[in-house]
Amino acid sequence: MTPNEQPFSPPDAAEAVAPDSLAERLAGAENEAAELKDAFIRAKAETENVRKQGQADVARAHKYAVDRFASELLPVKDALELALASPGDDSGSLREGVALTLKQLQAVFAKFEISEIVAQGEKFDPHRHQAMAMMDSESPPNTVVQVFQKGYLLNDRVLRPALV
């Protein structure tokens with residue numbers, strides 16, 4: 001044995017833990033474990049409630065995402081119905097009414113960042129254009145020479161490709 005080591009000696013009776021003290025410690029540990037389990041269950045339930053609420057919020061957002069857009073289109077529909085309901089054969093006033101309605105619709109499109117795809121004279125882009133026919137022309141190869149139907153973008157994402 002080295003000089004720094006002390007020989008092992010069993011604890012004497014004064015150092016031993018009393019059985020009543022062990023029971024109290026065990027009861028305290030059980031109470032603490034029960035409290036921690038309860039806190040865990042409550043935290044888990046709260047997390048589940050937050051997750052469910054988040055899912056419900058996302059579902060509502062998807063369901064009503066076009067609400068503002070639809071409400072902006074209602075006056076356009078009203079104007080078209082009014083133009084069709086107006087009596088008379090005055091094609092000039094009908095043309096003016098349709099032009100004003102188109103202007104309203106263009107304003108709604110601008111408000112919601114819906115823009116036309118400019119295709120005429122541009123280089124063919126398969127992400128924005130859908131080829132309908134190939135034509136001989138004096139333009140360079142792969143240049144759009146005729147647009148059959150306009151295409152539209154929503155915030156730089158293609159809503160409908162231009163038919164060229």
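1. A pocket here is an open set of points on a 1 Å grid over the protein atoms alone, where a 1.4 Å probe fits, with protein on both sides within 12 Å along at least five of seven lines. Lining residues have an atom within 4 Å of a point. Grid points are joined across faces, edges and corners, and a volume is the space filled by probe spheres set on the points.

2. The model is predicted, so local features need pLDDT of at least 70 and side-chain atom pairs count only at pLDDT 80 or more, whereas totals for chains, interfaces and linings use all residues. Residues are numbered from 1 along each chain as its sequence is written, and side-chain values use heavy atoms, with hydrogens and water left out.

3. The protein contains three helices and five strands, in the order α-α-α-β-β-β-β-β from the N terminus. Helices (H or I, at least four residues) and strands (E, at least two) are DSSP runs, numbered from the N terminus. Of the 164 residues, 10% are buried, that is, under 20% relative accessible area with a 1.4 Å probe and protein chains only.

4. The volume of the largest pocket is about 340 Å³. Its lining comprises 16 residues, with Ala133, Met134, Met135, Asn142 and Thr143 nearest the centre. By class there are 11 nonpolar, five polar and no charged residues; Ala, Val, Leu, Ile, Met, Phe, Trp, Tyr, Cys and Pro count as nonpolar, Asp, Glu, Lys and Arg as charged, and the others, Gly among them, as polar.

5. The second largest pocket holds about 160 Å³ of space. Its lining includes Leu102, Phe109, Glu116, Lys150 and Tyr152. Two elements, α3 (91-111) and β1 (114-117), each give two or more residues to this lining, and α3 gives the most, with five. The classes are six nonpolar, two polar and two charged.

6. Helix α2 (residues 67-85) packs on α3 at an angle of about 175 degrees, with the axes 9 Å apart. The two helices are therefore roughly antiparallel, a term for angles over 145 degrees. Axes are lines fitted to C-alpha atoms, for helices over the stretch in contact, and angles run from 0 to 180 degrees between N-to-C directions. Contact means heavy atoms within 4.5 Å. Among the residues involved are Phe69, Leu73 and Val76 of α2 and Leu94, Leu105 and Phe109 of α3. This contact divides into 11 nonpolar, two polar and two charged residues.

7. Of the contacts with a separation of 6 or more, 57% join residues 24 or more positions apart.

Key: Parallel < 35°, antiparallel > 145°, perpendicular 65-115°, else oblique. Buried < 20%, exposed > 50% of the residue type's maximum accessible area, 1.4 Å probe, protein only.
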